[in-house]
Each structure stands twice: as structure tokens, then as C-alpha cells.
Amino acid sequence: MIITKTVPLLVTVDVEVASDHDLDEQAQILDQLRCSLNNLPITWFCTAVAAEQFSAPLRRLILAGHEIGCHGVDHSPEDDYRRMSPEGAEAALGEATHRIARVVGLRPRCFRGPRMTTSRYTQAALVTHGYHADFSVCAQRADFFISGGAELFWLFAPRGAYHPSKNSPFQRGELPLFVVNLSSLGVPFLSGVLYLGGLRLMQAFFLALLAEARRRRGAIVYLFHSYEFTSLTHLGRQPWHQRLYLSDRPRRYEMNLALLNYMSTYPGVQPMTASTFLKQQR
Ligand SMILES: [Zn+2]
């Protein structure tokens, strides 16, 4: 591993088609984010369905230096990478990879399962399909009951980036793939916590993660969803914890931009795409 003085910051966005949010706005927000983010490189984990639906703004993101990753086929309940058979994972990843590459023009190299789902069969299929990393683990996340795809094994998974075992995605091993954790300190480092606790709390969260990342020479990985800033078209389908979030969508957008600006300009922090980070690990 190359020893760097800076701490890598990996901003990741999950892009799925949210059927209860305005569809046109979900396409427009990708262009709006690209303009607002200036040169901040981001990794956008897209489902195959979202890549096809939003192909034009996604291609503009690639031209601006961003990276497109794979977020499964369609985010349906069946698109669950914990439960698929070896053949099922192989087929689903083959289909998702092909459909994303066809519309955005580049083959994705990084994966995050819908609802953070993965398995040893999924990781074997990721290797077969030429992937370099799986972003579906959140080590030592204690609120695992909140994420539909969470695993008790997360409590005992190594933090940071590691090669997983072929028998378990949550143990170190020899698989030629990296697991890159979503950052956490009991709770995950994602936008929902920003909407519950506010900007100051997230800045303090970031500083705590930064101190740990400096000790371990790790990265900080943050997550939000593109649809979070778009209008809800019908109510009543949100999980209970999301109903507690700040509901003002423009304010959510402003808070995310303020947090991203705070983190990316912090001394000693280097924002980068997933693949740039992985190149440093080899
Ligand atoms: Zn998702």
C-alpha cells in the first residue's frame, strides 16, 4: 500500500429510480448536482434501470470526471444480493453490468448492492465480471435494524478497506476484490443522519472519522441518494425513520453541499473517486 499523507474522501451517491418521487426531477437533480459540485469527484452507484432512465445526465457526469458504479438491476425486493444463488448473482450482475455499460459507455468497476446487500456468491460473481470493489458493508454499524439489507456480521467486519475471504464478505481473506466500508461510528455516515442531527453534528462526526482515518490510514466514505432532493409524489411508503428526517428538500440540498464543501476543503483531505482510491491501495 502506498503511504499517503492525505486522507481520501469518497463521496458516494446511490442512484435508483424512486417510484414515489417525481421522475423528471430525479433526472434534473443529476445535472444540478454536477453544476453545484464543481470539481468534487463522486462515485454514482446506479441501478441498470436508473442508468437507462438517466443516461444523458450520467454521461455528462462521466465527462466531468465522475465515476459510475453498479447498484444492481432494479432495486426491487428480488434484487437482493444476500439471498441470490451463485447462478442468480452471476446472472444479475452480468445483466446489470451489461445494461449500465451499454448506456453510459463505460463498464462499472465498483459495486454497492441495493440496501447494502452482498454475499460470498455475489463477491465471487463480482470477481468474474471484472469488478475491483464491493461497497456494500458498513462495519460496526450498530443500528443494523434500520437498513433492510444489514447484517449482524457487520458488527464484526474489519473497518476500512480489506480483501474479503471467499467464505465470507465480512472477514479478511484472499479474494482479488476490495471491500470498502461505508464509514460509521455506531451509526452510518450518511445523509439521513444529517437530516436528523443537523450540519454541526455531521461536521463533528466527520472530524471523529478523520482522526480514525489518520490513525489507520483509511478513507472516509459518505453516502446520499440523488432522489432525496426531489418531490415526493405520494406519501405513506417511507420507512418510519425516514419520516423523522428534515422534509424541506431545498434545505437538504443546501446542507449536503455545505457538508461536502466543509469536508472536501478540510486540510489534509483529498476527495477522489472509488477507482482512484483503489489504485492507491495496490
Ligand atoms: Zn439504493
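Modeller: Let us begin with angles: those under 35 degrees count as roughly parallel, those over 145 as roughly antiparallel, those from 65 to 115 as roughly perpendicular, and the rest as oblique. The axes are lines fitted to C-alpha atoms, for helices over the stretch in contact, and the angles run from 0 to 180 degrees between N-to-C directions. This is a predicted model, in which local features need pLDDT of at least 70 and side-chain atom pairs count only at pLDDT 80 or more, while totals for chains, interfaces and linings use all residues. Residues are numbered from 1 along each chain as its sequence is written.

Biologist: Why are α1 and α3 called roughly parallel?

Modeller: Helix α1 (residues 23–37) and helix α3 (residues 55–63) pack at an angle of about 15°, with their axes 8 Å apart; α1 and α3 are therefore roughly parallel to each other. Helices here are DSSP runs (H or I, at least four residues), numbered from the N terminus.

Biologist: Which residues make that contact between α1 and α3?

Modeller: On α1 they are Ala27, Leu30, Asp31 and Arg34, and on α3 they are Pro57, Leu58, Arg60 and Leu61, where contact requires C-beta atoms, placed from the backbone, to lie within 7 Å.

Biologist: What makes α4 oblique to α5?

Modeller: The axes of helix α4 (residues 86–104) and helix α5 (residues 120–128) come within 8 Å and cross at roughly 45°, which makes α4 oblique to α5. In this pair, Pro86, Ala89, Glu90 and Leu93 of α4 meet α5 residues Tyr121, Thr122, Ala124, Ala125, Leu126 and Thr128.

Biologist: How do you know that leucine 223 is buried or exposed?

Modeller: A residue is buried if 20 or more other C-beta atoms lie within 10 Å of its own, exposed if 12 or fewer do, and partly exposed in between. Leucine 223 has 21 C-beta neighbours inside 10 Å and therefore counts as buried. Leucine 223 belongs to strand β10 (residues 220–225), and, leaving aside residues up to four places away in sequence, leucine 223 touches Thr12, Asp14, Leu182, Leu190 and Ser191.

Biologist: Which residues touch the most other members of the largest nonpolar core?

Modeller: Of the 77 residues in that core, they are Leu10, Trp44, Cys46, Leu58 and Ile220. A nonpolar core is a set of buried Ala, Val, Leu, Ile, Met, Phe, Trp, Tyr and Cys residues joined through C-beta atoms within 7 Å. Cysteine 46 touches Val15, Ala51, Leu58, Ile68, His71 and Ile100, with residues up to four places away in sequence not counted.

Methods:
Helices (H or I, at least four residues) and strands (E, at least two) are DSSP runs, numbered from the N terminus. Two residues are in contact if their C-beta atoms, placed from the backbone, lie within 7 Å.
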